[in-house]
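Hi,

Here is the structure I said I would pass on.

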Amino acid sequence: MEFVMKQALGGATKDMGKMLGGDEEKDPDAAKKEEERQEALRQAEEERKAKYAKMEAEREAVRQSIRDKYGIKKKEEREAEAQAAMEANSEGSLTRPKKAIPPGCGDEVEEEDESILDTVIKYLPGPLQDMLKK
C-alpha cells in the first residue's frame, strides 16, 4: 500500500514529509552553493553600479558641453561665487554680514503710512484737518 502511495504521489512525499516535520535532506554542498550565489549577487551589484556610474559620467559630459556652449555655470559654482562675494564684503567687519534687502521693501511701508494718515485726515472735520496738515 505504501509503495503504491509513493508511486502515485511521486516526489510529493518528500515535500509532505518536510511539511509534517520529518527529516530534511541535508545537501552537503549547500553552504558552498549559497556562498557562490552571494558572490554572484555581489558581482552583479558591482557591475550594475559601474554601468550606472559610466552612464552618469556620459550625461555629465553632455551637460558640461551644453554649459560651455551657452556660458551657464553649475549651481555649485554660482553658490561658491556668491559665498566668496559675501566673505569679501565682510572681510573687515566684526559683525555678521547684513542680509540683502530687496529694492523697494522699506519705501512701500512709508508710503502706506502716509496714505493711511491722509485717509484718516479726510474723515476729520475741517478745523482738525487744517491743524494736522500744518
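Helix α3 has 41 residues and runs 60 Å from its first C-alpha to its last, close to the 60 Å expected at 1.5 Å a residue. That expected span is 1.5 Å times one less than the number of residues in the helix.

Some housekeeping before the rest. This is a predicted model, where local features need pLDDT of at least 70 and side-chain atom pairs count only at pLDDT 80 or more, while totals for chains, interfaces and linings use all residues. Numbering starts from 1 along each chain as its sequence is written, and side-chain values use heavy atoms, with hydrogens and water left out.

On confidence, pLDDT is the predictor's confidence in each residue, from 0 to 100. The protein chain has a mean pLDDT of 77, with 63% of its residues reaching 70 or more. Confidence is lowest in helix α1 (residues 2-9), at a mean of 53, and highest in α3, at 95.

The secondary structure comes to six helices and zero strands, so the pattern along the sequence reads α-α-α-α-α-α. Helices here are DSSP runs (H or I, at least four residues), strands are runs of E (at least two), and both are numbered from the N terminus. Of the 134 residues in the chain, 2% count as buried. For that, buried means under 20% relative accessible area, exposed means over 50%, and partly exposed is in between (1.4 Å probe, protein chains only). The accessible surface of the chain is about 12,800 Å², and 56% of it belongs to carbon and sulfur atoms. Those areas come from the Shrake-Rupley method with a 1.4 Å probe; for residues, only the protein chains shown count as cover.

**Salt bridges**

A search of the whole structure turns up nine salt bridges, each being a side-chain nitrogen of Lys or Arg within 4 Å of a carboxyl oxygen of Asp or Glu.

One of them pairs R48 with E45, with the closest N and O atoms 2.7 Å apart. Both residues sit in helix α3, three residues apart, or about one turn of the helix. An α-helix has 3.6 residues a turn, so residues three or four places apart point the same way. R48 is partly exposed because its relative accessibility is 40%, and E45 is partly exposed too, at 33%.

Further along, E60 has two partners. The side chains of R67 and E60 meet in a salt bridge at 3.1 Å, N to O. K74 also bridges to E60, with the closest N and O atoms 3.5 Å apart. This second pair links distant parts of the chain: K74 lies in the loop between α3 and α4 (75-89), E60 lies in helix α3, and 14 residues separate them. Salt bridges with shared partners join E56, R59, E60, R63, R67 and K74 into one network.

Which members of that network are buried, and which are partly exposed? R67 counts as buried because its relative accessible area is 15%. E60 is partly exposed at 26% relative accessibility, and K74 is partly exposed with a relative accessible area of 26%.

Q64 is found in α3 (residues 30-70) and is partly exposed, at 30% relative accessibility. What separates the C-alpha atoms of Q64 and K74, ten residues apart along the chain? The distance is 8.8 Å.

Finally, V62, I66, Y70 and I72 make a nonpolar surface patch of about 400 Å². Patches take residues with over 30% relative accessible area and no salt bridge, joining like charges within 9 Å and nonpolar side chains (Val, Leu, Ile, Met, Phe, Trp, Tyr) within 5 Å. I66 is in helix α3 and is partly exposed, with a relative accessible area of 41%.

Cheers
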